[in-house]
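This report describes the packing of a helix pair and a metal site in a predicted model. The sequence and structure follow.

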Amino acid sequence: MSQAVLLRIAEVELLLRRKQIKHLHLRVSPPDGIASLSAPDRMPLEAAYAFAASKLDWIRRKQAEVRARPPAIPLSYGDGESHSLWGEHYPLRLVEREAPVRVEFLEGSILLQVPPGTPQKRKGALLALWYRGQVRQAAAPLIAQWEPRLGVRVERLFVQRMKRLWGSCNIRDRRIRLNSELAKKPVDCFEYVVVHEMAHLLVRLHDHRFKALLDRFLPDWRLRQRRLNDLPRDPAG
Ligand SMILES: [Zn+2]
């Protein structure tokens, strides 16, 4: 269990947690804009404090941005509701009839065919499963295309819904995990995440070598990254 300490610098409050990590990690979480700093357990408090003090402007800016976001509207999965697919919004076409369940992209809308009286939760689960399939389907050719370029091999791909990460990489087992929510984001952002995780097979940390690698293979990666993180996480569509 890590213990959190509340730091106050000027008017900014942030939670400091000690963890067995190598680098400081600062974040501002929606929807309240709570700032938290994870610091290596051996780092002196003054050093963590100095780091936080040097980031006050960034924290204030991020907090303003996070707090200004409209609250996520819960989805109802009703006919015509807007849903995202690869960065575009499409109306949901809800067809309720006694027939096999179907989810597919059809003529500019997302068709969801379910038996009458299907609960919202089940509709959401069916769509989530479909998004997962979309990511899996789109990732396979991308990985195949990037393997020879980067000179790496991905042993296994997992797609699942994740709260905090867009993707992760198990270097030892050469396994890549992608967030199923990526199916809602623009394809170039998706490609960035795939390439980022694959690049970890060559460089473990986000150090200068890692960045140089991305610069070389995906020169506009910073733009794609910014675009991905600027987009609302769970848009009502
Ligand atoms: Zn990474």
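## Packing of α4 and α5

Helices α4 and α5 are oblique to each other, because angles count as roughly perpendicular from 65 to 115 degrees and as roughly antiparallel only over 145, and this pair packs at about 135°. Helix α4 covers residues 187–199 and helix α5 residues 208–217, and their axes lie 10 Å apart. The crossing of α4 and α5 is right-handed.

On the α4 side, the contact is formed by Y192, V195, H196 and A199, which meet F210, L213 and L214 of α5. By residue class, this contact comprises six nonpolar residues and one polar residue, with no charged residue.

## The zinc site

H196, a member of the contact with α5, also coordinates the zinc ion through NE2. The other coordinating atoms are NE2 of H200 and NE2 of H206, and the distances are 2.0 to 2.1 Å. Along the chain, the donors of the zinc ion follow the spacing H-x3-H-x5-H.

H196 belongs to helix α4, whereas H206 lies in the loop between α4 and α5, so this pair ties together parts that are ten residues apart in sequence. H196 has a relative accessibility of 11% and therefore counts as buried.

## The protein as a whole

The protein contains six helices and eleven strands. Its C-alpha trace spans about 65 × 45 × 35 Å along the principal axes.

Of the 237 residues in the protein, 39% are buried. Among contacts between residues at least 6 apart in sequence, 45% join residues at least 24 apart.

Technical notes: Residues are numbered from 1 along each chain as its sequence is written. This is a predicted model: local features need pLDDT of at least 70, side-chain atom pairs count only at pLDDT 80 or more; totals for chains, interfaces and linings use all residues. Side-chain values use heavy atoms; hydrogens and water are left out. Axes are lines fitted to C-alpha atoms, for helices over the stretch in contact, and angles run from 0 to 180 degrees between N-to-C directions. Helices (H or I, at least four residues) and strands (E, at least two) are DSSP runs, numbered from the N terminus. Angles under 35 degrees count as roughly parallel, over 145 as roughly antiparallel, 65 to 115 as roughly perpendicular and the rest as oblique. A crossing is left-handed if the near helix is turned anticlockwise from the far one by less than a right angle, and right-handed if clockwise. Contact means heavy atoms within 4.5 Å. Ala, Val, Leu, Ile, Met, Phe, Trp, Tyr, Cys and Pro count as nonpolar, Asp, Glu, Lys and Arg as charged, and the others, Gly among them, as polar. Donors are N, O and S atoms within 2.8 Å of the metal (3.2 Å for Na, K and Ca); water is not among the atoms, so sites may look incomplete. Buried means under 20% relative accessible area, exposed over 50%, partly exposed in between (1.4 Å probe, protein chains only).
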